[in-house]
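My entries follow in the order in which I looked.

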Amino acid sequence: MSTAGRSKRRGNLAGLHAAFSCLVSSGLAQRSFEGVECPPWWFAPPRPDDAMKYNGITDLKPACFNHTSNDTRPHSVYIIGDWGGILYGGSTVPVPADHRAKKFKSHHRDFVQGADDNAQVKVAIAMKQHAVADRVDYVLNVGDNFYWGGLAGMCNEAFRDFNPQSRNQWINAYENMYNGPLQDKQWLGVLGNHDFGGWNYISAWDQAIGYTWGAEGSTWRWFQPALYYKTTAHYEDFTIDYFFVDTNIFDAFDPNQDPMHNICGQKNNPENKGCTKTGPFNVWQCKWWFINLWRKQVSWLHMHLAITTHRKLSDWQILVTHFPPLWGMAQWQGLCDKYGIDIFIAGHVHNQQLWGQNEWPKNQLGNTAVVISGGGGGITSESKPNKEGWDDQYGFVKMQLSKDEIILRQISHGAQLRRELRVYKRFPAPPTTTPPPPTQTQTTLTHTTVPTTQAQKSNHEEHEDETDKSSGDESDSHSHSKKDDHDHEEHHEDPHHKHEHEKVTKERRLADGQSERPEEFV
């Protein structure tokens with residue numbers, strides 16, 4: 001798009017964005033929970049020296065959400081993913097990364113003025129409109145926070161000191177975007193492939209973890225203390241365990257494979273730079289860094305899901321990650337069946353989907369419901385949207401919580417309710433063994449007052465526009481042949497796509513053979 005065109009878009013967006021500026025309070029008060037034994041807030045452990053220290057942490061003090069006031073509205077949680085657009089030049093209003101332009105041949109479609117030019121802003125406004133009426137407890141974020149290639153900067157160099165570019169991203173694409181009635185709502189999340197850099201791993205992905213401990217301009221509501229971790233939410237008569245998991249192994253290949261869609265690719269990291277404190281340390285070790293991370297997470301999931309299930313510690317088990325279960329389906333089927341995971345929440349695919357329990361053949365996780373909320377507006381949608389919002393391309397999802405059922409509501413960028421789905425508890429398979437006790441002791445946390453101020457073609461054409469700070473791939477698929485790419489691209493439009501699920505699983509197995517990835521991590 002020309003400079004003049006971008007300027008026009010920014011002007012239009014500024015007016016729309018200003019419509020909700022009145023919702024921002026002039027002075028953000030500090031949040032204090034002094035004297036509250038179990039506050040409605042998760043507290044991070046002491047600030048670490050790097051982003052890997054708290055991987056696997058499970059003893060974070062639970063947050064409690066009770067009817068301690070006269071507010072008797074049902075509890076709600078919002079879900080969003082793939083949301084952080086691009087700030088061109090000195091703009092303070094982000095626009096979606098344009099992935100439907102002609103140069104992206106497999107994704108090309110018409111541009112929809114009033115939707116594709118301001119998707120993130122529209123979704124944020126819809127969230128705030130609903131939040132005025134809802135009792136929102138917190139937000140679940142499924143990653144791909146900033147396009148094209150994550151936060152500005154390089155890994156390990158700015159874990160504590162945020163540079164002006166990344167600060168601009170935080171303030172304008174996050175803090176000032178999700179304000180008003182969302183301003184004091186905590187965000188709990190994971191990283192997506194674009195947060196690592198998309199086509200390399202050296203973007204400032206660790207800053208997304210470091211922001212948990214605040215920075216200049218922070219409202220102290222961002223919460224991601226590790227790449228993977230567990231939290232617990234207590235309600236009046238039920239408890240939810242959340243398992244946050246990193247699944248970026250599904251975009252980590254050998255250095256010379258699929259250079260436009262490979263976190264570990266060498267083409268876009270020709271100097272073979274590495275993240276010196278945390279890894280990946282070089283392009284040849286990168287794939288194995290993600291494999292080892294995934295191995296640890298699989299063992300961790302088995303242990304802590306078993307403990308939660310056998311000891312009946314919670315009423316609901318919800319898994320939050322970036323890649324939908326189309327990636328690693330066999331693995332997820334086993335985990336869901338064995339431990340009774342109730343809801344699988346993801347993004348990555350740039351639209352909005354709800355898969356009901358036993359909604360075969362779409363949902364191959366059986367009695368585990370699936371939420372895909374990849375339409376947050378940071379990148380243009382998979383298919384053509386409707387400018388009024390009568391579509392399932394851009395939007396967010398609401399969860400209404402209770403002891404016996406969870407109601408999922410899919411909301412569009414026009415604030416319309418598009419689909420409602422009721423989820424009932426899934427019981428695990430009968431236990432055959434007693435789960436082992438924890439093998440390590442996590443740090444016990446001290447809680448203090450925290451200030452809060454509130455499958456596509458090989459995309460060799462994808463990053464030709466240098467002005468797009470291009471460091472990520474937008475096909476968000478993992479195919480290695482043109483035919484498979486086309487097939488996977490269409491899977492979420494085809495009501496009979498069982499075959500496509502099988503193709504993706506087969507594709508991952510073939511990729512394992514090509515890149516020596518262990519079969520158990522398909």
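Does V95 count as buried or exposed? I found V95 at 3% relative accessibility, so V95 counts as buried; buried means under 20% relative accessible area, exposed over 50% and partly exposed in between, with a 1.4 Å probe and protein chains only. Before going on, I noted that this is a predicted model, in which local features need pLDDT of at least 70 and side-chain atom pairs count only at pLDDT 80 or more, while totals for chains, interfaces and linings use all residues. I also noted that residues are numbered from 1 along each chain as its sequence is written, and that side-chain values use heavy atoms, with hydrogens and water left out.

**Entry 1: two loop residues**

I placed V95 in the loop between strand 2 (75–80) and helix 2 (119–133), where helices (H or I, at least four residues) and strands (E, at least two) are DSSP runs numbered from the N terminus. From V95 I went to G84, which is eleven residues away in sequence and 8.4 Å away in space, C-alpha to C-alpha.

I then turned to R221, in the loop between helix 4 (205–210) and strand 5 (222–223). R221 has 1% relative accessibility and therefore counts as buried. Its side chain makes a polar contact with the side chain of T219 at 2.7 Å; a polar contact is a pair of N or O atoms within 3.5 Å, where within protein one must be able to donate a hydrogen and the other to accept it, and residues adjacent in sequence count only if both atoms are side-chain atoms. I also looked up R221 and W187, which are 34 residues apart along the chain, and found their C-alpha atoms separated by 6.0 Å.

I traced an open sheet of seven strands in the order 5-4-3-2-12-13-14, with mixed pairing; two strands pair if DSSP finds at least two bridges between them. Its edge strands are strand 5 and strand 14 (417–424), each of which pairs on one side only. Strand 2 runs antiparallel to strand 12 (residues 395–401), and five bridges join them, with K398 of strand 12 as the bridge partner of Y78.

Helix 2 lies across strand 2, strand 3, strand 12 and strand 13 (405–412), and I read its angle to strand 12 as about 25°; contact means heavy atoms within 4.5 Å, and axes are lines fitted to C-alpha atoms, for helices over the stretch in contact, with angles from 0 to 180 degrees between N-to-C directions.

In strand 3 (residues 135–141) I picked out R135, which at 11% relative accessibility counts as buried. The side chain of R135 reaches the backbone oxygen of N66 at 2.9 Å and that of D71 at 3.4 Å.

**Entry 2: helix 3**

Which parts do the buried residues of helix 3 pack against? I found them against helix 2, strand 4 (186–189), helix 4 and strand 5; among the buried residues of helix 3 (residues 164–175) are W170 and Y174. At the start of helix 3, a side-chain oxygen of N163 comes to within 3.0 Å of the backbone nitrogen of Q165.

I traced another open sheet of seven strands, with the order 1-6-7-8-9-11-10 and mixed pairing. Its edge strands are strand 1 (63–65) and strand 10 (352–355), each pairing on one side only. Neighbouring strands of this sheet are turned by 20° against each other on average, direction ignored.

Strand 7 and strand 8 pair in the parallel sense over five bridges, and the partner of F244 in strand 8 is V320. I found both faces of strand 8 covered, with W316, I318 and V320 buried on one side and Q317 and L319 buried on the other. Strand 10 runs antiparallel to strand 11 (residues 369–373), joined by four bridges, and L354 has V371 as its bridge partner in strand 11.

**Entry 3: helix 5 and helix 6**

I followed helix 5 (residues 283–310) across strand 6 (229–235), strand 7 (239–244) and strand 8 (316–320), where it runs at about 175° to strand 7. The axes of helix 5 and helix 6 (residues 329–339) come within 10 Å and cross at roughly 15°. That makes helix 5 roughly parallel to helix 6, since angles under 35 degrees count as roughly parallel, over 145 as roughly antiparallel, 65 to 115 as roughly perpendicular and the rest as oblique. The residues making this contact include W294 and L301 of helix 5 and W332 and L335 of helix 6.
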